[in-house]
Amino acid sequence: MGDSGVTNSPPGAPVAHGFPHVDTVRSAITALYRRLSADGVRTYATSLAPVDAAFTDEDDLHLGAQRVARSLVQHLRLPDARMIVGFRAMEHAASVELTAGPEYFIELNDRFRTHRRDIGAALAHEITHVLLHRLGLEFPGTRANEILTDTTTAYLGTGWLLLDAFREDATSRQKLGYLTPEEFGYVLAKRAFAFDEDPSPWFTSPQAYTAYTKGRQRALDDLRRPPLTAAGWAGRRRYAKDRRYAQDHPGTAPDPSVPYAFETGAEGLRVSFPCPTCHQRIRLPVQGRVSARCGLCRTRLECDT
């Protein structure tokens, strides 16, 4: 396979915000659980520690980069993968040649020679490419595949580095990766809810923390949608109205503006909706309050169908 690289917004270039890729992000989380299993994902329940990615101007450039790369390899459980890190002038922030291994050659943009605090972020994305290559997990198309890589990096505990590399002030802007800052925050918050982990103390960038809080709010919204019992009054009221309509008009096409859909079968009315953790769709009979467990990520869900 050829190069896979992490993008880097040129200094001063506008940074995209919001959640334009959220559907692909959710599909990536589902794909990750399907490929690794719930138990496999839980082996990454502890994030990479900030000390393992720390890089100062006093560190030797090449030895320091190799040290951080080894920490990332160990965290991502690639024990027989050896990363050889070099620097050169290039358009992207970094790239890796995906081969059979066990040696992988990562090239970092020359600017990291003097911006060493972000070397861990660039390496995290590239080494996740290696992990996904070995897992045989990819999405069609470059953009979707890069979103899968960013999402996996964040969900498996090293992507907080990519969000922390986002900085914006009056004179310059920098962002690494294909996800927007808020989308990185969204994935990190989904991870935080799944593993009871708070990444916010690790952010050194004020803009990264702000993006995380916005992403966290979007992730909280996933936990408060009907038929989950945590849904708010307005959502419950809309759900009840849609349920009555589905009962009176069987076979009606689902409304794409809501996350749930009703279907009528031999056993009566059923509702399907995405699991708020892994986004695999769950189907339940419409019969009032019920406790369910997602068959993919095994999250227990309290519902009122």
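Here are a few questions and answers about this model.

Guide: Heads-up: this is a predicted model, where local features need pLDDT of at least 70, side-chain atom pairs count only at pLDDT 80 or more, and totals for chains, interfaces and linings use all residues. Residues are numbered from 1 along each chain as its sequence is written, and side-chain values use heavy atoms, leaving out hydrogens and water.

Visitor: What is omega for the peptide bond from Pro226 to Pro227?

Guide: Most peptide bonds are trans. Pro227 sits in the loop between helix H8 (206-222) and helix H9 (233-248); helices (H or I, at least four residues) and strands (E, at least two) are DSSP runs, numbered from the N terminus. The bond from Pro226 to Pro227 is cis, with omega near 10 degrees.

Visitor: Is Asp196 buried or exposed?

Guide: Asp196 lies in the loop between helix H7 (181-195) and H8, and its phi is positive, near 55 degrees. Buried means under 20% relative accessible area, exposed over 50%, and partly exposed in between (1.4 Å probe, protein chains only). Asp196 has a relative accessible area of 76%, so Asp196 is exposed.

Visitor: And His279, buried or exposed?

Guide: His279 also isn't a glycine, yet has a positive phi of about 70 degrees. You'll find His279 in the loop between strand E8 (268-274) and strand E9 (281-285). With a relative accessible area of 13%, His279 is buried.

Visitor: Which residues of H9 are buried?

Guide: What covers the buried residues of H9 includes strand E7 (261-265), E8 and strand E11 (300-304). Those buried residues are Arg236, Tyr239, Ala240, Asp242 and Ala246.

Methods: Contact means heavy atoms within 4.5 Å.
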